[in-house]
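Biologist: Hello! Could we go through this structure together, one question at a time?

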Amino acid sequence: MEIFQKEFYLKARPKGFHLVTNEILQEIPELKKFSSGIANIFIKHTSASLTINENADPDVRQDMKSFTDKMVPENLPYFVHTMEGPDDMPAHIKSSLFGSSIIIPLTNGNLNLGSWQGIYLCEHRNNGGRRKIVVTIIGN
Amino acid sequence: MEIFQKEFYLKARPKGFHLVTNEILQEIPELKKFSSGIANIFIKHTSASLTINENADPDVRQDMKSFTDKMVPENLPYFVHTMEGPDDMPAHIKSSLFGSSIIIPLTNGNLNLGSWQGIYLCEHRNNGGRRKIVVTIIGN
Amino acid sequence: MEIFQKEFYLKARPKGFHLVTNEILQEIPELKKFSSGIANIFIKHTSASLTINENADPDVRQDMKSFTDKMVPENLPYFVHTMEGPDDMPAHIKSSLFGSSIIIPLTNGNLNLGSWQGIYLCEHRNNGGRRKIVVTIIGN
């Protein structure tokens with residue numbers, strides 16, 4: 001059993017859902033040394049999330065953004081935490097609903113994802129900047 | 001420290017929330033060899049989820065279905081990704097809100113769940129078919 | 001590679017979102033022995049959750065409670081599981097939306113959280129009582 005850990009940035013993106021599987025894979029060529037295990041991919045922010053979803057049609061990402069913005073609207077009259085802008089409190093709520101980290105099984109040196117699965121960066125802020133990620137791989 | 005990994009199918013079920021703890025446990029008798037660790041249970045699809053919830057009253061599963069279908073309705077006028085049927089885009093959204101995998105601690109050869117906790121397959125499609133699962137156990 | 005596991009209680013809290021990072025850290029001084037790894041923090045209940053969110057302004061926790069109570073209201077006319085009180089079925093739904101466990105990377109003997117991240121206990125019931133937690137650390 002071995003462990004590998006690396007911290008890096010995902011480049012800045014506009015608010016929305018973005019397919020980042022390849023950007024993450026390029027950071028962790030060490031994956032190839034593991035025949036079996038798990039990878040935890042963790043985002044060190046409270047206004048962005050990581051999730052797994054459809055890797056083919058960009059319309060899915062667009063519809064997820066449209067839906068999420070309606071599910072958690074800006075400027076709700078009862079919000080108290082408003083001094084960081086109207087997109088801030090909705091970003092915190094979305095961050096917890098989609099979650100701060102994902103776990104993916106590793107098999108034969110690769111992420112063992114389904115054919116249609118990819119990793120999404122869910123950028124919940126208008127100007128979130130680059131996002132810091134920690135990948136931890138445990139396996140053999 | 002040891003690792004065990006297995007890929008298998010959960011049988012096809014109708015749209016809704018289904019208690020699958022026993023169906024999963026039957027696939028992994030190797031669990032008994034681990035005195036301490038974690039199990040990651042991962043679903044290789046973008047229109048179904050795994051979650052942990054109440055294992056006793058089937059009404060909980062019915063109410064979760066009713067609520068979820070109202071929270072993410074079909075045929076929203078702004079959906080663009082519609083060519084795979086009205087249940088497809090809502091299924092993608094639900095998939096990320098409930099999540100693609102769960103982690104459960106292992107203790108003395110068993111899943112260390114609370115008395116009322118069980119594993120749900122959240123089937124978000126009308127005809128999702130059988131669902132492919134990867135279980136990865138790490139422990140000693 | 002080593003594993004450490006401990007089960008303990010978080011003290012009872014009122015319905016809402018509560019910062020519990022320090023209460024958890026006090027239970028696991030063994031964290032200091034790990035230079036790299038992951039920690040799984042799991043809650044053994046179906047009406048409370050763990051999530052990661054903003055650790056500074058308490059207004060964030062207040063707004064998350066306000067929003068969550070509106071997103072999953074009590075007394076929905078179609079709820080069937082009602083015999084445990086009006087806060088019970090919403091608590092089950094919230095439990096799965098926020099999730100039963102979190103994974104945090106460990107680096108140099110500490111939780112590798114972002115500057116603004118903390119661990120929330122999401123207490124979804126009016127009188128949930130103390131909550132049982134299992135922490136499992138895997139690393140070296």
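This is a predicted model: local features need pLDDT of at least 70, side-chain atom pairs count only at pLDDT 80 or more; totals for chains, interfaces and linings use all residues.

Biologist: Which residue of chain B comes closest to the rotation axis, by its C-alpha?

Modeller: In general, two copies of a chain are related by a rotation about an axis and a shift along it. Here, chain B is superposed on chain C by a rotation of 120° with 0.0 Å of shift, at an RMSD of 0.0 Å, which is the relation of a three-fold axis. The chain B residue that comes closest to that axis, with its C-alpha at 3.5 Å, is Leu97(B).

Biologist: Do the copies meet through the same or different surfaces?

Modeller: We can look at how the interface residues of chain B compare with those of chain C. Only 16% of the interface residues of chain B are also interface residues in chain C, so the surfaces through which the copies meet are different.

Biologist: Which strands stand at the edges of the open sheet in chain A?

Modeller: This sheet has 5 strands with antiparallel pairing, in the order β1-β8-β3-β5-β6. A strand at an edge has a single partner, so one of its sides is left without a neighbour in the sheet. In chain A, those strands are β1 (2-10) and β6 (110-111).

Biologist: Which residues touch the most other members of the largest nonpolar core?

Modeller: In soluble globular proteins, nonpolar side chains tend to be buried together. The largest nonpolar core here has 104 residues. As one example of its surroundings, Ile41(C) has contacts beyond four places in sequence that include Ile24(C), Leu50(C), Ile102(C) and Val135(C). The core residues touching the most other members are Ile41(A), Leu50(A), Ile41(B), Ile41(C) and Leu50(C).

Biologist: What is the phi of Asn108(A), roughly?

Modeller: Most residues other than glycine have a negative phi. Asn108(A) is found in the loop between β5 and β6 of chain A, and Asn108(A) is not a glycine. Even so, its phi is positive, at about 55°.

Biologist: Is Asn108(C) buried or exposed?

Modeller: Asn108(C) lies in the loop between β5 (101-107) and β6 (110-111) of chain C, and has a positive phi of about 50°. To judge burial, we count other C-beta atoms within 10 Å, and 12 or fewer counts as exposed. Asn108(C) has 9 of them, so Asn108(C) is exposed.

How values were computed: Residues are numbered from 1 along each chain as its sequence is written. Chains are lettered from A and ligands numbered from 1 in the order in which they are written. Copies are superposed by least squares on the C-alpha atoms of residues with pLDDT of at least 70 in both. Two residues are in contact if their C-beta atoms, placed from the backbone, lie within 7 Å. Two strands pair if DSSP finds at least two bridges between them. Helices (H or I, at least four residues) and strands (E, at least two) are DSSP runs, numbered from the N terminus. A nonpolar core is a set of buried Ala, Val, Leu, Ile, Met, Phe, Trp, Tyr and Cys residues joined through C-beta atoms within 7 Å. A residue is buried if 20 or more other C-beta atoms lie within 10 Å of its own, exposed if 12 or fewer, and partly exposed in between; C-beta atoms are placed from the backbone.
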